[in-house]
Amino acid sequence: LDFVKRLVDLDDTTRQRAEIAVYFGQYDDAETVYKEMDRVDLAIELWARLGDWFRVVPLAQGRAPGNGGGAGSSYHGGGDDNAILREAWDKIGDYYALRSQWPKAAT
């Protein structure tokens, strides 16, 4: 019921479609819709919430200065893409460290 209320609050039917995809676990579809909306920040936020930092990195790199992106992401309430990338790389390093894959953790 709360989910339906949230959907009704969204004015954009395209965003509603993305949120429905997320609800049903169709994360790749949701990412595609977010990209179509030119809201890569929402795709980054989605993958970060899911803990899939390997998906965050290419999205954030595509937004980095010089790649048509830059500051202004709504991820974690705003900030810049360099901070997002630093967090993602830290989490990826942790992922490899927990699996004792030290050479990958250090790079």
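Biologist: At what angle do helix α2 and helix α3 pack, and how far apart are their axes?

Modeller: Two packed helices are described by the angle between their axes together with the distance between those axes. In this predicted model, helix α2 (residues 13-23) packs with helix α3 (residues 27-36) at an angle of about 160°, and the axes lie 7 Å apart. Because angles over 145 degrees count as roughly antiparallel, α2 is roughly antiparallel to α3. The crossing of the two helices is left-handed.

Biologist: Which residues of α2 and α3 make the contact?

Modeller: On the α2 side they are Thr14, Arg15, Arg17, Ala18, Glu19, Ala21 and Val22. Helix α3 contributes Tyr27, Asp29, Ala30, Val33, Tyr34 and Glu36.

Biologist: Is Glu31 buried or exposed?

Modeller: The cut-off for a buried residue is under 20% relative accessible area. Glu31, which is placed in helix α3, has a relative accessible area of 7% and is therefore buried. Leaving aside residues up to four places away in sequence, Glu31 touches Ala43, Trp47, Arg55 and Leu59.

Biologist: How many residues of helix α4 are buried, and against which helices do they pack?

Modeller: Helix α4 (residues 40-50) is mostly covered, with 8 of its 11 residues buried. These are Val40, Asp41, Leu42, Ala43, Ile44, Leu46, Trp47 and Ala48. They pack against α2, α3, α5 (53-63) and α6 (81-98).

Biologist: What follows α4?

Modeller: Gly51 follows α4, and its phi is positive, near 80°.

Terms used. Residues numbered from 1 in each chain as written. Predicted model: local features only at pLDDT ≥ 70, side-chain atom pairs only at ≥ 80, totals over all residues. Heavy atoms only, no water. Axes fitted to C-alpha atoms, helices over the stretch in contact; angles between N-to-C directions. Helix = DSSP H or I, 4+ residues; strand = E, 2+ residues; numbered from the N terminus. Parallel < 35°, antiparallel > 145°, perpendicular 65-115°, else oblique. Left-handed = near helix turned anticlockwise from the far one by under 90°. Contact = heavy atoms within 4.5 Å. Buried < 20%, exposed > 50% of the residue type's maximum accessible area, 1.4 Å probe, protein only.
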